[in-house]
Amino acid sequence: MFMLLIAVLLVAAGCAQKPKEGGTATPSPTTGTNQGGGTPKAADYKFGMVTDVGGVNDKSFNQAAWEGLQKLNKDTGANVKYLQSKSDAEYATNLTQFVKDNYSLSWGIGFLLGDAIKTVATQNPNAKLAIVDNVVDAPNVKSVVFAENEGSYLVGVVAGMTTKSNKIGFVGGIESPLIKRFEAGFTAGIKAVNPSATVIVNYTGAFDKPDLGKTTAATQYNSGADIIFHASGATGNGVFNEAKDRNRAGDKKVWVIGVDRDQSLEFGDDVTLTSMVKRVDLAVERISKEVMDGQFKPGTTTALALKDDAVGIPETSKKNVSADILKKVEEYKAKIVSGEIKVPTA
């Protein structure tokens, strides 16, 4: 069922609005569902999301989640809002604000919000909450996780077959089981097609420090890497900036592999080789809609993988990735979906 939903929504995903200043989207006056005597209208529903410290304009994970809520607003007229967290101390405070304002569902975006979601859920047992990238054991919380290792394997195949230096970089944010899944899958994909390649791994310890991303990328490029895959939120913006600076200076050509969204749309085809797209937007939209349809199931976990088209590479990859390499990616994708290849998680 989810695969069918993904197929339908992929067509419309391009219509998602970019984050704008301010944290709300008001309902369209021409939309509304479930109208009738005493039945809630779409505009009666309120959905909120709390970002991690990367912020809603991280051009990555948080932004994708907000685009999902914006699309829900556009399609149904439901009210949506985000609150940005400047530090982890604000996670519980921001979530509690949504709960006290009687939001239909309050999202925590990112594994860093796990403890805050648990605390707020325990204190407010009648509230509905959801979290992405963490599993919170509470009867009023819906958890959503992804098989990042599987999508990362595919971009590893691209990197391993594209590199000219046989040195490839990985820049992570906070070292954690989640980001280690990206690293593990990426490294496995590289080694599957290019056993001679060396993978340089560095963690910046942050998802909101582009300056650290830039200096880390500079170190890896100076060490001979010609492709870097980042899984570091807004920190990765610095990786792109470093690659752009080098390409403009006429040094050897370097590439970046984006994460979570199709980052070529933000940083351009001249520097983005491909991206490991993770459909946080569709998951947030779908599960929020379940609340409106009376299908929401708290206390459960939804796991989304390559077989659901929930992770993978975007269509724009064909601009910089050869047809032969894309064909090889499809071959490995089929093997992962069938179970022939088991992608490591650490």
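1. A word on terms before the details: helices here are DSSP runs of H or I with at least four residues, and they are numbered from the N terminus. Please also keep in mind that this is a predicted model.

2. How many cavities of 30 Å³ or more are there? The count comes to two. The largest cavity has a volume of about 180 Å³, while the second largest cavity holds about 40 Å³ of space.

3. On the largest cavity, 19 residues form the lining. Those that lie nearest its centre are Phe61, Ile179, Phe207, Gly233 and Asp260, so these are the names to look up if you want to find the spot in the viewer.

4. Which element gives the largest share of that lining? Helix 6 does, with three residues. Helix 6 spans 177-193, and at least two lining residues each come from helix 2 (61-76), helix 6 and strand 10 (255-260).

5. Sorted by class, the lining of the largest cavity has eight nonpolar residues, six polar ones and five charged ones.

6. Turning to the second largest cavity, its lining includes Asp262, Ser264 and Asp269, together with Thr272, Leu273, Thr274 and Ser275. Pro314, Thr316, Ser317, Lys319 and Asn320 also line the second largest cavity. Strand 11 (residues 272-278) supplies the largest share of this lining, four residues.

7. By class, the lining of the second largest cavity divides into seven polar, three charged and two nonpolar residues.

Notes
Residues are numbered from 1 along each chain as its sequence is written. This is a predicted model: local features need pLDDT of at least 70, side-chain atom pairs count only at pLDDT 80 or more; totals for chains, interfaces and linings use all residues. Side-chain values use heavy atoms; hydrogens and water are left out. On a 1 Å grid over the protein atoms alone, a cavity is a set of points where a 1.4 Å probe fits but cannot get out, and a pocket is an open set with protein on both sides within 12 Å along at least five of seven lines; lining residues have an atom within 4 Å of a point. Grid points are joined across faces, edges and corners, and a volume is the space filled by probe spheres set on the points. Ala, Val, Leu, Ile, Met, Phe, Trp, Tyr, Cys and Pro count as nonpolar, Asp, Glu, Lys and Arg as charged, and the others, Gly among them, as polar.
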